[in-house]
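Subject: Structure handover

Hi,

Here is the structure for your next look.

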Amino acid sequence: NYASVVVAASTECYADILEDLRTNGGRTTLDKRRFLAGWAFVEIARYDAAIENYFKGELPPHDDQFEDSFVVGFERVQSLRYGENPHQKAAFYREPELARPCVATAEQLHGKELSYNNILDLDSALNLAREFAAPAAVVVKHNNPCGAATASTLADSVRRAWDGDPLSAFGGILAFNRPVDADTAAALMSGEKFVECVIAPDYDPAALAALKGWKKNVRLLKTGPLTGQPQGLDYRRVDGGLLVQTRDVGADDFAKWEAKTKRPPTADERAALEFAWLVCKHVKSNAIVLAKGTEVVGVGAGQMSRVVSVDIAVRKAGDRSRGSVLASDAFFPFPDNVELAAAAGVTAIVQPGGSVKDADAIAACDRHGIAMLFTGVRHFRH
């Protein structure tokens, strides 16, 4: 009945209604009433979706997590200047009643307005940083980690993460899994570093003051303590539809990894492989990560051929590939991956296994004295 009734579903409507009344001699226009009616139904739908999600949370676990239809109610956090490219319009929405620490609930403490691409990269960087128990720093560029490290202190972790690929790190997004202290801020500000955004659980007052004075446009975000892993379902839009899946969390059990070569990895190699595997999980497929200890030294990402990803990672690492370990997000379809890794000086490899060429890859490792572990789990990230 919007033709004859004005509905105000929120106090945010009042200014619109009053302006319409002033402009049109004490009456509202039909267009305004139609707009406000639509607003009312949006509010109702969001309210109903919140109730639906509440009752879903009360249900016991069941095999089919996916309903025949579902409603997702999101609320707008902010309008964005543009999308991935300047000719695209964009906005940022979040789940209603959201309280967990993530990019959608982070508080911006300093810097320019966030962009569409900033938010994507911040999410990627934060989700990798929170994988680690030790103090960790992650540098992301174009939605892929180009540097990552853990260390005994956060300051050391950011130095080592930046050194993973300084050229690519320039202009990147930086995430920490600990509050940023003054030493970490000083390490970040040293040299010719430039970052678009920093996200961390918190900042010491001295660190925050120093970073605010460092660059006026750098965006500083605070999440609060990082507890647990990302929750809920994962959505991917396609033309005319929506792909829905559970999140890629909780699948890894390092104790179940199997040594497939004559030589098992040493304790140091094993620790490095576990670190590289967690980083590889957050790299776009085909993904290859080279690490020394708990520091990334080379990444090959997003290639149609796995051997090309190995080649890119090796070239990125340079001489640092000697004595490194390698993680692959999926099996090796041919032993040429092993041959290339061996020529670069890689000493141990972790991969899911499951290829018809597994025996060839294992034999190649044995020829070169490389240790190889199978995880039984893969981490494609398209």
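Below are the aromatic pairs, then the salt bridges.

This is a predicted model, where local features need pLDDT of at least 70, side-chain atom pairs count only at pLDDT 80 or more, and totals for chains, interfaces and linings use all residues. Residues are numbered from 1 along each chain as its sequence is written, and side-chain values use heavy atoms, with hydrogens and water left out.

Aromatics. The structure holds five aromatic pairs (rings of Phe, Tyr and Trp, its six-membered ring, with centres within 6.5 Å; planes under 30 degrees apart are stacked, over 60 edge-to-face, the rest tilted). One of them joins Trp 257 and Trp 277 edge-to-face, at 6.1 Å between centres and 80 degrees between planes. Trp 257 sits in the loop between strand 10 and strand 11, Trp 277 in helix 8, 20 residues apart (helices are DSSP runs of H or I, at least four residues; strands are E, at least two). Trp 257 is buried at 6% relative accessibility (buried is under 20%, exposed over 50%, partly exposed in between; 1.4 Å probe, protein chains only). Trp 277 is buried at 1%. Phe 254 joins both in a cluster of ring pairs.

Salt bridges. The count is 20 (a side-chain nitrogen of Lys or Arg within 4 Å of a carboxyl oxygen of Asp or Glu). Among them, Arg 306 meets Asp 329 at 2.7 Å, N to O. Arg 306 lies in helix 9 and Asp 329 in a loop, so the bridge ties together parts 23 residues apart in sequence. Both residues, Arg 306 and Asp 329, are buried. Glu 43, Arg 46, Glu 75 and Arg 94 form one network through shared partners.

Best wishes
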